[in-house]
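Hello,

Here is the structure I said I would pass on.

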Amino acid sequence: MTAHTSLPRRAAAELIGTAGLLAVVIGSGIKAAELSPDTGVALLANSLASAVGLGLVITLFGPLSGAHLNPVVTLTSWWARRTGGEGLRGREALVYSAAQTAGAVVGALLADAMFGRAPGTFSTQVREGGHLLVGEVVATTGLVLLIQGLQRIGRPKLIPAAVAAYIAAAIWFTSSGSFANPAGTIGRSFSDSFTGIAPQSLPGFVAAQLLGAILGLALAAFLYGNGASGSGASGTPRAEAALADAGPVDGATPAKEAYEAVG
């Protein structure tokens, strides 16, 4: 349980878990693009693999760290603690976010290496336009609202499956493809592949994700009040206890706590 696991072990779980998630997201994108020239078919394969992979990663690493896998989820956990709830301390949130970002880069390099590509080749896929940033705001707002809402109505066991399903759907219904994860976005810039994003597009996407996190928290507080739980996708001892017996899920929250993810 995260309440009894040392910070270094939790950070390692976040790093390895995020690396695994990015390897799935990028690797499945490379494979899908190789197997089909149809972008729609490739996106379908990539979204399904990403959702399944996210669920498995959450199930495995949730009991250790909460399987945030996403700085947005970690920051909402930190904010919950600051507003009187349960969550991560500032130092823990910084360590988690650093581990997630490092893990995302490692996962991108690993994915390219597995497919015989030159690891560390920056993406050339420029993702620009206000409509894409709106899509990222919507994707991240929905993710945070989903996690916070289920926590505050006392349904944390639904978070793992709900987040995985949400990410799979948001890949399709948002214009941006629902990155919704600053660490994952940075990692995907290190792979010039189907799911990549050019480095020059990072500032806008990350800013949109942070804005979405703020809006998601505000909506959760407005709709559900400053209820009990509040650690984002997970990350609290109370959430751990509630999710201790949760079944398999990701993309994005754990068997004992809950996401955070994506992609």
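**Notes on the structure**

By the rule used here, there are two salt bridges, a salt bridge being a side-chain nitrogen of Lys or Arg within 4 Å of a carboxyl oxygen of Asp or Glu. Before going through them, please note that this is a predicted model, in which local features need pLDDT of at least 70, side-chain atom pairs count only at pLDDT 80 or more, and totals for chains, interfaces and linings use all residues. Residues are numbered from 1 along each chain as its sequence is written, and side-chain values use heavy atoms, with hydrogens and water left out.

Side chains of opposite charge can pair when their charged atoms come close.

Arg117 is partly exposed, because its value is 30%.

**The chain as a whole**

The chain has nine helices and zero strands. Of its 263 residues, 56% count as buried.

**Nonpolar cores**

In soluble globular proteins, nonpolar side chains tend to be buried together. A nonpolar core here is a set of buried Ala, Val, Leu, Ile, Met, Phe, Trp, Tyr and Cys residues joined through side-chain atoms within 4.5 Å. The largest one has 28 residues, and Leu69, Leu143 and Ile167 touch the most other members. The elements that give two or more residues to this core are helix H1 (7-35), helix H2 (39-65), helix H4 (90-114), helix H5 (130-152) and helix H6 (159-173). There is also a second, separate core of five residues, including Leu132, Phe179, Leu202 and Phe205.

Phe179 has a charged neighbour as well: Arg188 lies over the face of its ring, at 3.6 Å from the ring centre. For this, NZ of Lys or CZ of Arg must be within 6 Å of the ring centre and within 35 degrees of the ring normal.

**Aromatic pairs**

The count comes to four aromatic pairs. Rings of Phe, Tyr and Trp (its six-membered ring) pair if their centres lie within 6.5 Å; planes under 30 degrees apart count as stacked, over 60 as edge-to-face and the rest as tilted. One of the pairs is Phe122 with Phe190, which is tilted, at 5.0 Å centre to centre and 50° between the planes. Phe122 lies in the loop between H4 and H5 and Phe190 in the loop between helix H7 (182-188) and helix H8 (202-224), so the pair ties together parts 68 residues apart in sequence. Phe122 is partly exposed, with a relative accessible area of 45%.

Another pair is Tyr166 with Phe173, which is edge-to-face, at 6.0 Å centre to centre and 75° between the planes. Tyr166 counts as buried at 14% relative accessibility, while Phe173 is partly exposed at 49%.

**Helix H3**

How far apart are the end C-alpha atoms of helix H3? They are 16 Å apart, which agrees with the 16 Å that its twelve residues (71-82) should span at 1.5 Å a residue. The expected span is 1.5 Å times one less than the number of residues. The buried residues of H3 are Pro71, Val72, Val73, Thr74, Thr76, Ser77 and Ala80. Among the elements covering them are H4, H5, H7 and H8, with contact meaning heavy atoms within 4.5 Å.

**Positive phi**

Most residues other than glycine have a negative phi, and most peptide bonds are trans. Leu69 has a positive phi of about 60°. Leu69 lies in the loop between H2 and H3 and is buried, with a relative accessible area of 0%. Ala180 also has a positive phi, near 50°. Ala180 is in the loop between H6 and H7 and counts as buried at 0% relative accessibility.

Regards

Terms used. Buried < 20%, exposed > 50% of the residue type's maximum accessible area, 1.4 Å probe, protein only. Helix = DSSP H or I, 4+ residues; strand = E, 2+ residues; numbered from the N terminus.
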